Amino acid sequence: MAGYPKPTKWTPKNIEKYMGDHTNIICRSSWETKFFNWCDNNPSIVAYSSEETVVPYRCATDNKPHRYFVDARMQVKQSNGTLKTYLIEIKPHAQTMAPVPTARKTKRFITESLTFMKNQSKWEAADRYAKDRGWEFMILTERHLFGK
């Protein structure tokens, strides 16, 4: 698709940490590549996966059931020795905010609004899914990944 990063295959160095098929990891952006490199090299990350966790959700735009392949799941060994599991979505900060209405409803505004509604549906379902399992759902943006 024009305007979107080209997905790339990624191979971990520490394959024992990867939950799933380590030979078929696809990074859909350089941000995901950065995140998976960090997971792979961080000794506090015990295990992680890419798009292996599927969350059912009902989308607010069409009221139909869908499946959300969450970008990542990771298990972190905390300082007290316990494990904490996170579901992670990696998105530009701008896409985590509702689009600002303009004087006239442009095609771009409508598309961004529908995308935002769909993402909100996914993220609410992922948050419930995580909480039901004692996990935490997080959205990581360039602010987390690059300190911007």
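User: Let's start with a pair of charged residues. Are Lys-91 and Glu-89 buried or exposed?

Analyst: Keep in mind that this is a predicted model. In it, Lys-91 is buried, and Glu-89 is buried too. Glu-89 has a relative accessibility of 4%, and buried means under 20%, so Glu-89 falls in that class.

User: How do the side chains of Lys-91 and Glu-89 meet?

Analyst: They meet in a salt bridge, with 3.4 Å from N to O. The cut-off for such a bridge is 4 Å.

User: Where does Glu-89 sit, and which residues does Glu-89 touch?

Analyst: Glu-89 belongs to strand β7. Leaving aside residues up to four places away in sequence, Glu-89 touches Tyr-68, Asp-71, Trp-123, Phe-137, Met-138, Ile-139 and Leu-140.

User: How many salt bridges does a search of the whole structure find?

Analyst: The search finds 5. One of the salt bridges joins Glu-51 to Arg-28, whose closest N and O atoms are 2.8 Å apart. Glu-51 is in the loop between β3 and β4, while Arg-28 is in the loop between β2 and α1, so this pair ties together parts 23 residues apart in sequence. As for accessibility, Glu-51 is partly exposed at 21%, and Arg-28 is partly exposed at 39%.

User: What does Glu-136 form with Lys-84?

Analyst: Glu-136 forms a salt bridge with Lys-84, and the closest N and O atoms are 2.8 Å apart. This pair links distant parts of the chain: Glu-136 is in strand β8, Lys-84 is in strand β7, and they are 52 residues apart. Glu-136 counts as partly exposed at 31% relative accessibility, and so does Lys-84 at 24%.

User: On to strands. Which way do the side chains point along β4?

Analyst: Here's the general idea: in a regular strand, side chains alternate between the two faces of the sheet. In β4, Val-55 and Tyr-57 point to one face and are buried.

User: How many bridges join β4 to strand β5?

Analyst: There are 5 bridges, and the two strands run antiparallel. Across from Tyr-57 you'll find His-66 in β5. Together β4 and β5 make a hairpin with 6 residues between them, and Asn-63 in the turn has a positive phi of about 55°.

User: What describes a pair of aromatic rings?

Analyst: You look at the distance of the centres and the angle of the planes. A search of the whole structure here finds 9 aromatic pairs. Among them, Phe-36 and Tyr-48 are stacked, at 6.2 Å centre to centre with 25° between the planes. Phe-36 is in helix α1 and Tyr-48 in strand β3, so the pair ties together parts 12 residues apart in sequence. Both Phe-36 and Tyr-48 are buried. For Tyr-129 and Trp-135, the ring centres are 6.2 Å apart and the planes at 65°, so that pair is edge-to-face. Tyr-129 counts as buried at 18% relative accessibility.

User: Which residues do ring pairs link into a cluster?

Analyst: The cluster is made of Trp-10, Tyr-18, Phe-35, Phe-36, Trp-38 and Tyr-48.

User: Last stop, the surface. Which residues form a nonpolar patch there?

Analyst: Ile-110, Leu-114 and Met-117 do, with about 250 Å² of accessible area together. Leu-114 lies in helix α2 and is partly exposed, with a relative accessible area of 43%.

Conventions:
Residues are numbered from 1 along each chain as its sequence is written. This is a predicted model: local features need pLDDT of at least 70, side-chain atom pairs count only at pLDDT 80 or more; totals for chains, interfaces and linings use all residues. Side-chain values use heavy atoms; hydrogens and water are left out. Helices (H or I, at least four residues) and strands (E, at least two) are DSSP runs, numbered from the N terminus. Buried means under 20% relative accessible area, exposed over 50%, partly exposed in between (1.4 Å probe, protein chains only). Patches are made of residues with over 30% relative accessible area and no salt bridge: like charges are joined within 9 Å, nonpolar side chains (Val, Leu, Ile, Met, Phe, Trp, Tyr) within 5 Å. Accessible areas come from the Shrake-Rupley method with a 1.4 Å probe; for residues, only the protein chains shown count as cover. Two strands pair if DSSP finds at least two bridges between them. Contact means heavy atoms within 4.5 Å. Rings of Phe, Tyr and Trp (its six-membered ring) pair if their centres lie within 6.5 Å; planes under 30 degrees apart count as stacked, over 60 as edge-to-face and the rest as tilted.
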